[in-house]
Amino acid sequence: MKVELEADKCVASGQCVVAAMDVFDQDDDGIAILLTEQIGDDQLDDVKEAVAVCPAAAIRLVQA
Amino acid sequence: MAETVAGPAHDGADTVPEFPMPRASRCPFDPPPGLKELQEQGPLAKVRLWDGSEPWLVTRYAEQRAVLGDPRASADTDQPGYPTKASAEAGEGKLSFIMMDDPEHARLRRMVTAPFAIRKVEALRPAVQRIVDGLIDDMLAGPGPVDLVEAFALPIPSLVICELLGVPYDDHAMFQDNTRTMVRTTATPEERGAATREIAGYLAGQIARRLTDPKDDLLSGIAGRVAAGELTHGQATEMALLLLIAGHETTANMITLGTAALLEHPDQLALLRDTDDPKLVASAVEELLRYLHITHLGRRRAVTEDIEIAGQVIRAGEGVIMVNEIGNRDPEVFEDPDRLDITRDARRHVAFGFGVHQCLGQPLARMELQVVYGTLYRRIPTLRLACALEDVKFKHDAFIYGIHELPVAW
């Protein structure tokens with residue numbers, strides 16, 4: 001699976017970082033950044049959690 | 001358990017129920033029975049407010065998130081149909097960006113997001129641990145019982161915000177005295193006004209000083225925006241004041257409500273007290289955020305274009321209220337929602353709201369609560385209420401729900 005992030009929608013809640021620390025980080029202003037686009041099966045649950053808790057609906061999971 | 005503080009919320013299907021509604025007298029941790037009833041009836045209901053207006057109340061989790069995530073639902077209190085909380089709120093000045101819509105809301109909010117990034121908040125954890133340990137040392141050194149609000153719950157956010165803003169240690173006492181007056185419900189409007197003016201003047205002075213002598217703190221970040229011409233001095237002070245107020249009573253009330261709720265659920269308290277697993281402590285924080293509620297008057301919006309929610313069209317100019325405490329008790333999302341269970345996965349709760357206005361300080365609030373809940377009951381394992389729960393005064397009438405005074409002993 002592939003992760004897509006629309007950084008201009010991000011409101012810097014940091015929830016994606018808490019949910020999936022290997023996949024998301026934040027820049028100096030707290031705006032989310034993607035550490036990797038391709039994710040493995042072992043990261044899928046964490047990324048699904050990140051999608052669910054993102055208050056700005058800025059994260060999507062798509063078929064790679 | 002259905003006995004209410006001030007009679008039934010409404011008397012028939014034809015009447016629009018009044019909001020806010022009273023809680024059941026012996027269930028201070030549960031939503032008002034009338035709200036649960038509305039939730040069972042459907043995702044939307046009309047309610048009547050203090051001024052006779054009849055906005056929509058959104059009762060369920062999915063629909064609450066949908067409205068809070070919709071840009072056509074405005075947070076601007078001047079929009080037609082905005083459901084105001086009380087006469088005082090109508091005509092009051094706007095408290096910086098929380099009462100604005102994008103793009104101006106996003107422009108201002110992004111100026112202060114940096115210190116709330118997860119890494120920056122984690123870097124503050126040792127300082128918060130020192131503050132919490134110091135306050136517990138002081139409590140244990142003196143005689144009990146003490147009021148946990150005054151001795152512990154209020155000083156924590158106050159000292160943490162000093163740390164975050166960069167208030168020099170010598171000014172802490174002045175800062176704490178004034179913030180305490182600002183949030184004390186028994187303070188007169190004059191006392192509160194004077195305290196607010198003194199703090200605002202102080203913050204303006206600190207921001208001005210950082211224009212020429214910047215440090216590595218939040219006030220310097222705000223001063224930088226003034227220097228760059230992105231904020232006026234007035235906007236900068238208002239923003240600093242918002243950050244100060246927003247993190248104060250909210251955190252303090254979660255500390256006291258959480259403690260009172262845990263003392264009423266000794267099995268859950270024992271789990272938390274006996275663990276050294278930070279994951280269980282973090283899970284307890286999420287569950288207490290889900291189970292309890294401090295924003296009991298709901299998150300409020302005015303609809304600026306017709307939107308359809310659960311098959312119902314909400315017209316432009318109508319108001320909408322999302323009471324997140326019943327969203328967090330939605331049985332569709334949380335199994336057995338009225339049970340406090342610190343081992344459940346409660347991370348999807350909407351205690352911090354949802355959408356672009358979701359609480360900016362939530363990483364800080366979570367970390368503070370993790371330190372508090374992870375420390376207080378371990379260090380004082382015999383902590384108990386020093387009065388009956390029925391005698392604890394809950395803040396039924398305040399903007400933020402919580403506890404006025406919580407006498408504890410050990």
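The contact between the two chains draws 22 residues from chain A and 19 residues from chain B, where contact means heavy atoms within 4.5 Å. The model is a predicted one, in which local features need pLDDT of at least 70 and side-chain atom pairs count only at pLDDT 80 or more, while totals for chains, interfaces and linings use all residues. Residues are numbered from 1 along each chain as its sequence is written, chains are lettered from A and ligands numbered from 1 in the order in which they are written, and side-chain values use heavy atoms, with hydrogens and water left out.

Together, chain A and chain B bury about 1,700 Å², of which 44% lies on carbon and sulfur atoms. Buried area here is the accessible area (1.4 Å probe) that two parts lose on being put together, summed over both. On the side of chain A, the residues A:Val11, A:Glu49 and A:Pro55 supply 28% of the area that this chain buries against chain B, more than any other three residues.

The interface of chain A and chain B also holds 3 salt bridges, a salt bridge being a side-chain nitrogen of Lys or Arg within 4 Å of a carboxyl oxygen of Asp or Glu. Elements that give two or more residues to the side of chain A touching chain B are α1 (15-19), β2 (24-26) and α2 (44-53) of chain A. Such helices (H or I, at least four residues) and strands (E, at least two) are DSSP runs, numbered from the N terminus. The largest share of this side, 4 residues, comes from α2(A).

Side chains of opposite charge can pair when their charged atoms come close. A:Asp25 forms a salt bridge with B:Arg119, with the closest N and O atoms 2.4 Å apart. A:Asp25 counts as buried at 14% relative accessibility, whereas B:Arg119 counts as exposed at 57%. Buried means under 20% relative accessible area, exposed over 50%, and partly exposed in between (1.4 Å probe, protein chains only).

A search of the whole structure finds 28 salt bridges over all chains. Within chain B, B:Arg107 forms a salt bridge with B:Glu104, the closest N and O atoms being 3.0 Å apart. These two residues are separated by about one helical turn because they lie 3 residues apart in helix α3 (residues 104-109) of chain B. B:Arg107 is partly exposed at 34%, and B:Glu104 is partly exposed at 31%. Another salt bridge joins B:Glu287 to B:Arg290, with the closest N and O atoms 2.8 Å apart. Both residues lie in helix α14 (residues 278-291) of chain B, 3 residues apart. B:Glu287 is buried at 0% relative accessibility, and B:Arg290 is buried at 0%. In chain A, a network of salt bridges links A:Glu4, A:Glu6, A:Lys9 and A:Arg60.

In helix α7 (residues 155-165) of chain B, 10 of the 11 residues are buried, so the helix is largely enclosed by the rest of the structure. Among the buried residues of α7(B) are B:Ile156, B:Leu159 and B:Cys162. Just after α7(B), B:Gly166 takes a positive phi of about 95°.

Finally, 3 strands of chain B form an open sheet in the order β4-β12-β9, with antiparallel pairing. Two strands pair if DSSP finds at least two bridges between them. The edge strands, β4 (146-147) and β9 (384-385) of chain B, each pair on one side only.
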